[in-house]
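Subject: Structure for you to look at, with notes

Dear colleague,

Here is the structure I promised to hand over, and below it you will find my notes on what turned up. Please read them with the model open beside you.

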Amino acid sequence: MWIYYVVSIPPILILIYFIFFVPVNYKSKDSKDKRTAINRSRKLRKNGKNIPPPFPNGWFCLMGSNELEPGTAKDVNCLGENFVVFRSAVTKEVYVLDAYCTHMGANLGVGGIVKDECIECPFHQWKFSGKDGSLVSIPYSEDIKSVQKMAKMRKWISKEINKLIFVWYHAENEEPWDIPIVQEVENDKFWLHGTNDFIIYSHIQDIPENGADRAHLATVHGPNILAGTDIRTFRDKLLSIGLHLWDAKWNACEGKLKHIAKASIDHVVEVLKVKFFQLEADVTQIGPGYVVLKLKTFYGNVTILQTVTPIEPMKQRLMHFFYGTPWNGLFMKFTIFGETVNVARDAMVWDNKTFIRNPLLPKEEKQIRLYRNWFSQFYSENSKSFQEAYNDLSW
């Protein structure tokens, strides 16, 4: 009998450890290089006519805080820009500059060395301050003043909050709005139980529009999540027994908070006319690229941070960060699975649809029209047009 316990206890302890203490991270495959992605967008479908600017104004997530260790730098390409993002080993402060050295064009995010609050170029060791982008030193020259003014790097407004690193992007260089603190994330009351990471081939506006598109919920997210992600077949499978029933409301804020929109979602699972697993979600969208979802369930509360960052005009990085109480690991893993399945279903539509500027909307879909009017505030006079951004990739 004692042998039975000796053999069985370690696997059980290992299973418990993975359920409660090891985050689950799902990353969709994206094997396409830049040329393949461009050709795909050009040849396989129509992008649409009168497409809005691909890079709206707002805060956009560059990475999770845990992806940038103190004293390290990373190269990030998005929003039609090339950034170097680095963290001081001394103060732990995060800085974002243009990636390319003003001396001879080396990428500071590839081989650049972080020194105090500065980053050193890997090519000739020119050193730039993260605080303002100024040139601090040239190791082999005493003539720094003659080039210092012209050598200054662009310093981007950035913010580390809710364990995410954001950059402020605005075509008119207007001052940023605040990003609200999610207390349970900042104070570590909730743990990160996992993430998912998708590359989506569509316009950024298509993705958060789901929050106002009530009608698609039954079609795309109605069938049982065990039926899979292929929208061509999931209604025909035996596993599709059992339906997810949804109801959603969307509205925009006004005044100083006009960049924020709110949604409420009610969800229940129905099997053989019996309803169970109720879920209520309060959704707050802050600008075009950041959403906070707070789920209330019988099994515990969940906070999901959603970020959408445009990499190219028709290529987005969509991420979700799942937070819950430390003891609720098993339910959190199930939540991550269910949400990942539903995003993959949406992705199948997004990746293959065309953008229609003025869709035919019956009165029941007025929320979509309201959403599009709200989203239009993130485009401004100097926003790079779709064609301009598209042509930039033609090399």
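**What was found**

Among contacts in the chain (a contact being heavy atoms within 4.5 Å) between residues at least 6 apart in sequence, 59% join residues at least 24 apart. Please keep in mind that this is a predicted model, in which local features need pLDDT of at least 70 and side-chain atom pairs count only at pLDDT 80 or more, while totals for chains, interfaces and linings use all residues. Residues are numbered from 1 along each chain as its sequence is written, and side-chain values use heavy atoms, with hydrogens and water left out.

The secondary structure comes to eight helices and 18 strands, where helices (H or I, at least four residues) and strands (E, at least two) are DSSP runs numbered from the N terminus. Of the 395 residues of the chain, 49% count as buried; buried means under 20% relative accessible area, exposed means over 50%, and partly exposed lies in between, with a 1.4 Å probe and protein chains only.

Strand β17 (residues 300–312) runs antiparallel to β18 and is joined to it by ten bridges, two strands being paired if DSSP finds at least two bridges between them. A hairpin through two residues connects β17 to β18, and E312 has K315 as its bridge partner in β18. Strand β12 (residues 191–200) is also antiparallel to β18, with nine bridges between them, and here I199 is partnered by R317.

R317 also forms a salt bridge with D197, their closest N and O atoms being 2.6 Å apart; a salt bridge is a side-chain nitrogen of Lys or Arg within 4 Å of a carboxyl oxygen of Asp or Glu. Because R317 lies in strand β18 and D197 in strand β12, the pair ties together parts that are 120 residues apart in sequence. D197 counts as buried, since its relative accessibility is 7%, and K27, D197 and R317 are linked in a network of salt bridges.

The count of salt bridges comes to ten, and another of them joins K163 to D188, with the closest N and O atoms 3.0 Å apart. K163 is in the loop between β10 and β11, whereas D188 is in the loop between α4 (183–186) and β12, so this pair ties together parts that are 25 residues apart in sequence. K163 is partly exposed, because its relative accessible area is 31%, and D188 is partly exposed at 43%.

What does L305 touch? Leaving out residues up to four places away in sequence, L305 touches several residues, including Y290, M319 and F321. In the largest nonpolar core, which has 45 residues, F166, Y290 and L305 touch the most other members; such a core is a set of buried Ala, Val, Leu, Ile, Met, Phe, Trp, Tyr and Cys residues joined through side-chain atoms within 4.5 Å. Another core of 27 residues lies apart from it, with L68, F83, V96 and A344 among its members.

Finally, please look at N210, which is found in the loop between β12 and α5 (216–221). N210 counts as buried because its relative accessibility is 19%, and its contacts beyond four places in sequence are H216, H221, D346 and W350.

With best wishes
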